[in-house]
Amino acid sequence: MHVKINVNGEQQSHEVEDRTLLVHYVRENCGLTGTNVGCDTTSCGACTVLLDGESVKSCTVLAAQADGRSVTTIEGLADGEELHPMQRAFQQHHGLQCGFCTPGMVLASVSLVAENPTPTEAEIRSGLEGNLCRCTGYHNIVEAVRAAAEEKSGAVE
């Protein structure tokens, strides 16, 4: 099967097997390894990408389902050398330790703040419950999301 997917602003076109998952397409066909393969069961969120601006676990989406659509990975979030506000907030608030979950966590957070520009702590925790971190305890992740939301909107509850 032939798919055409806009990945990080660049049109990609590849032949893939019908069963190719989006996570494998992004990593193997596009060479973008920031999207991690964690559990393959939708439990961890390490493979989270933005599909037409909404966070999805790319281990549950076929590349064929993304045909003609737009995918943003962690590599496409920054504007050149300028980090996206969420990336910057994760860095400034130490919202990472080992870094394995970080790409998915950042992209899920971007989607969360796009849907809810002024999230409360409880809303952040609820919105990110599908993304697991085994290292941080989530406190700094929540602080990073609050800081990025505040930067974006100027008001966080």
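Of the 14 residues of helix α3, 12 are buried, so this helix is largely enclosed by the rest of the structure; buried means under 20% relative accessible area, exposed over 50%, and partly exposed in between (1.4 Å probe, protein chains only). The model is predicted, so local features need pLDDT of at least 70 and side-chain atom pairs count only at pLDDT 80 or more, while totals for chains, interfaces and linings use all residues. Residues are numbered from 1 along each chain as its sequence is written, and side-chain values use heavy atoms, with hydrogens and water left out. Helices (H or I, at least four residues) and strands (E, at least two) are DSSP runs, numbered from the N terminus.

The buried residues of α3 include Thr102, Pro103, Gly104 and Met105. Among the elements that cover them are β3 (48-51), β4 (54-57), β5 (70-72), α2, α4 (121-127) and α5, where contact means heavy atoms within 4.5 Å.

One partner of α3 (residues 102-115) is α5 (residues 139-153): their axes come within 10 Å and cross at roughly 45°. Axes are lines fitted to C-alpha atoms, for helices over the stretch in contact, and angles run from 0 to 180 degrees between N-to-C directions. The two helices are therefore oblique to each other (under 35 degrees is roughly parallel, over 145 roughly antiparallel, 65 to 115 roughly perpendicular, and the rest oblique). On the α3 side the contact involves Met105, Ser109, Leu112, Val113 and Ala114, and on the α5 side Ile141, Val145, Ala149 and Lys152. These residues divide into 7 nonpolar, 1 polar and 1 charged; Ala, Val, Leu, Ile, Met, Phe, Trp, Tyr, Cys and Pro count as nonpolar, Asp, Glu, Lys and Arg as charged, and the others, Gly among them, as polar.

Helix α5 also meets α2 (residues 85-92), with axes that come within 8 Å and cross at roughly 140°. This pair, α2 and α5, is therefore oblique too. Pro85, Met86, Arg88, Ala89 and Phe90 of α2 touch Ile141, Ala144, Val145, Ala147, Ala148 and Glu151 of α5, a set with 9 nonpolar, no polar and 2 charged residues.

Two loop residues deserve a look as well. Most residues other than glycine have a negative phi. His94, in the loop between α2 and α3, has a positive phi near 55° and is exposed at 57% relative accessibility. Tyr138, in the loop between α4 and α5, has a positive phi of about 75° and is partly exposed at 25%.
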